[in-house]
Amino acid sequence: MEPFSGVGETVLPRPVEALPTPALAPATRKLADKLIERFAMGESAATALAQAVVDPSTARQAAESPERLRVPGGEILAIRAEVWTRNVIPDPRNPRIAPSRRHPASNLVGTSESSRFRPLAEPVAASGGRPELVQRLANQEHLAWAAQLAKEYVLDHNDWRESLRHQGVMTEVWLAATAFQHEDGTPGVTVPVTVEGSSRVTCAHDLLDLRSADVPYIRDTAKLRSHIRKLNEAITTAGDPAQIDPDVAVTVRCERLPALLLVGFEPHDGATTDFGVAVKSLVALRHVDPPKPWGEAAENEALADAVVDEIERRKLITPAKADWLRGALTPDQAKAAGFNDDPSVRAAAIVRLFAERDQKIHAAVRIAITGQSTRKNITTKLLLDVASSLVMRSVPEVDARKRERMRKYLKSAFPGELAKDWQATFRGTEELAQAALTEAAQGEPGVATRELAARSAYPLVINGQLTGDRGTQNNDQPDRRHPGEVIDRMRSTPHGVHQLKQTLLDSAAGRRARKVDETGKVMQNDDGRDILVTDADLRRTFPPAGEGPSPTPAPRNTAEILGNALHDLATSIHAVASAVKAVEAVRGDDGTRAIDALGADRADCEAWRTVLQDVLFKLPVWQQRSVQRHGILTEDPYDLDVDSDDGDRDGDLDDAGVDLDDGDVELDAGEGAEPDGEKEPEGPAVDV
């Protein structure tokens, strides 16, 4: 249900009618007993739901034949009932605010009012299979702080108040009994909490002048009964509905709301899903996909948390590591717990986890993501997009526009090559870079260069030294590669490995990356100052494979002259490839290719083939000479067969996918698969 537009002028207000008297204790007790008997609910949870229901007898009848809501892994049992708005609360973790949360990994918790506490953890299923949730808090103020942040966001971005003033809540909210447990020793309380409909309840509470965080601690049936009696007296005194005080009318409309009480869960045979996971799946199936998506950033945050939660729930990682991956530990806490406090190392660990090919991890990732959305195929691009949401939690405070730009670029900064086998280790930068140099020098970039790429993407993007496509308006950016494609190119050469290494060293020292030459030495300008590397530098120094070195306008030495000549050769080769496509594009009257029917002059073809064969003979020799500058080529330099194990190295994340149904990595570039309509560089790509 969408908020109404101009509701005051276009929608007739819902008539005001007297409210029913809140149920007496015996009726409430009977409903609570029915919930305990029928659904094995705990005493506190059953009582909380029963006290919230307006008509316990009707709800008790509905409990005899509950509705069944299908979710991955089983069926949730629910009953429809009308509830008192003052006896329920909106979710203080409202998923819509997930992208703006500040996690301990950013080291910002406690530095401002918006980050005074760490974000509330996801509620978990109660023990013993009871259909209840458990939410842990530091104290009552922790709940009040979280609820206030959620309220401010809702009123700014999803304000229902104008609609509710005239109509009240029209569609049911979903409620689950949730126990709030306090770390400071305050006795726990249980209250119905919205798992869907938080914005509507937040706005209703605001219209009732009620602070949501107070509800769990102030519910009083006697006071509610007195309050309802006074409202009914005001309606009776007015006589004519048109004479009812407008404020009284708004209050009456908001005092009740339709609800779907989630009271049970029946898992499928062999399924490991519990009530908490089932509830998250039910909610996400509505919000992650249309009609009203949460938005990409919030969606990926939800999917990321779901993946880590599922992997932890299956005991594939420890709770401490799960907290580290979620960003729930400050850098100091991470170090004390035995983890690395470098956000680049954490980034690599997250990327590896999401692209992990171990079947147990695969199963957990697949269940978590498909449980939150209707996607059937889990692609590499999706996995790395979701992983980037967790990586972003280490970013210090920046303005919202800049943060969104970082998120956009970071999503495309992890090469699709990372879907292959490698390990996220805690080894130091020097050790990792040395292993990567050995691979690059041998012409076989592999596991070490992949880890190096995964680590270095974070500082390059966060520091603004490697960006995504900024569009064409007022911008001269001929190189339209994704950041991940540039990084993938860098890791394949010794010079690029040196630059990635320097990036990590400088990041650890708290500064932006400096530019290095082919030997790894930091470059300086004429006045002796170190040169910071830029996006343009990286794209120019490490151009797409097949384009040759970037041209030098005024070559001063042999290397620069040779580089210009090789660039011209690359341009000519691309021109040949384009010319071949143009020849094949000529069609006859019957629609078939003309070259297939008419052919080309024999003498011309012989001459062209001679030239091309001569070039094909020289290319591996030139490659060998280049490799010998940095190391020993271990393969036959004259073998031009493509190594199928290397796969597609263009880094195009839209073309690379992981199908978790069979665990195979798919790297198929289909026609029209380029992202955002961007065209890949034309011409053959040969891995030697």
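Biologist: Hi! What should I know before I start?

Modeller: The model is predicted, so local features need pLDDT of at least 70 and side-chain atom pairs count only at pLDDT 80 or more, while totals for chains, interfaces and linings use all residues. Residues are numbered from 1 along each chain as its sequence is written, and side-chain values use heavy atoms, without hydrogens and water.

Biologist: Is Cys-203 buried or exposed?

Modeller: Cys-203 is buried, at 0% relative accessibility, and Cys-254 is buried at 3%. Buried means under 20% relative accessible area, exposed over 50%, and partly exposed in between (1.4 Å probe, protein chains only).

Biologist: New topic: which helix holds Leu-619?

Modeller: Leu-619 lies in H26, residues 602-628. Helices are DSSP runs (H or I, at least four residues), numbered from the N terminus.

Biologist: And how exposed is Leu-619?

Modeller: Leu-619 is partly exposed, with a relative accessible area of 33%.

Biologist: What about Arg-405, where is that found?

Modeller: Arg-405 is in helix H18, which covers residues 400-411. At 37% relative accessibility, Arg-405 counts as partly exposed.

Terms used. Helices (H or I, at least four residues) and strands (E, at least two) are DSSP runs, numbered from the N terminus.
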